[in-house]
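Me: I have a model open and want to go through it with you. Can we start with how much of the chain is covered up?

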Amino acid sequence: MNPTIRRLSVLGLALALPLAATAADYQVGPGSTLGFSGKFQGQQFDGIFGKFDAAISYDPANLSTSKFDVTVDLATAKTGDSDRDKALPTSDFFDTSKFPKAHYVTTGFSKDAKGDVVANGNLTLHGVTKPLALKVVFNPNAGGARLSVTGTLKRLDYGVGSGDYKDTSTIADEVLVNGTLNLLPK
């Protein structure tokens, strides 16, 4: 074989290999939820965000090619309690007039001591960016996949809750964030 043709063949193969090792891209399908749970006066409450966008690339066999990029419309938070729902967008909490969105982007993935996948990333909320780890469960299915994530953040680390709402005996500092996304192939 001609040495030039051989080099071109090897180069073509080398260029094609990284393409085969990329994560699958998904779009968020119907029935997906993104939520949170907190405690007010010792009682748990749950909430959901009515609007969010997510770009998900995921390959459980090659986590280095995976990425999550999620933007949440904070004004769409609902907990089922009208007083709380009215307070969340105000300057006492999310201050959506100044900070309308929260944004989470992964910086990488790892496995914990149990072998569970962890998405490591940065959450920007209320103008503050801090690391946030999320446990990941990925279940492929015939039409795409189901992705579940859970993690815990401290709301005061992000400046969420001013004045009397800094009192963690009334409103707990720790907030569980969770999502269940029905993923469809792009």
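Reply: Of the 186 residues in the protein chain, 35% are buried, meaning under 20% relative accessible area, with exposed over 50% and partly exposed in between (1.4 Å probe, protein chains only). This is a predicted model, where local features need pLDDT of at least 70, side-chain atom pairs count only at pLDDT 80 or more, and totals for chains, interfaces and linings use all residues. Residues are numbered from 1 along each chain as its sequence is written, and side-chain values use heavy atoms, with hydrogens and water left out.

Me: Switching to charges. How many salt bridges does the structure hold?

Reply: There is 1 salt bridge, counted when a side-chain nitrogen of Lys or Arg is within 4 Å of a carboxyl oxygen of Asp or Glu. The side chains of Lys 135 and Asp 116 form it, at 3.7 Å, N to O.

Me: Where do Lys 135 and Asp 116 lie?

Reply: Lys 135 is in strand S9 (residues 128–141), and Asp 116 is in the loop between strand S7 (101–111) and strand S8 (117–125), so the pair ties together parts that are 19 residues apart in sequence. Lys 135 is partly exposed at a relative accessible area of 37%, and Asp 116 is partly exposed at 25%.

Me: And Thr 96, buried or exposed?

Reply: Thr 96 counts as buried, with 16% relative accessibility. It sits in the loop between helix H2 (82–87) and S7. Leaving aside residues up to four places away in sequence, Thr 96 touches Leu 74, Ala 75 and Pro 89, where contact means heavy atoms within 4.5 Å.

Me: What lines the largest pocket?

Reply: It is lined by 40 residues, and Phe 36, Phe 49, Phe 94, Val 175 and Val 177 lie nearest its centre. Strand S2 (residues 33–40) gives the most to that lining, with 6 residues.

Note on methods: Helices (H or I, at least four residues) and strands (E, at least two) are DSSP runs, numbered from the N terminus. On a 1 Å grid over the protein atoms alone, a cavity is a set of points where a 1.4 Å probe fits but cannot get out, and a pocket is an open set with protein on both sides within 12 Å along at least five of seven lines; lining residues have an atom within 4 Å of a point.
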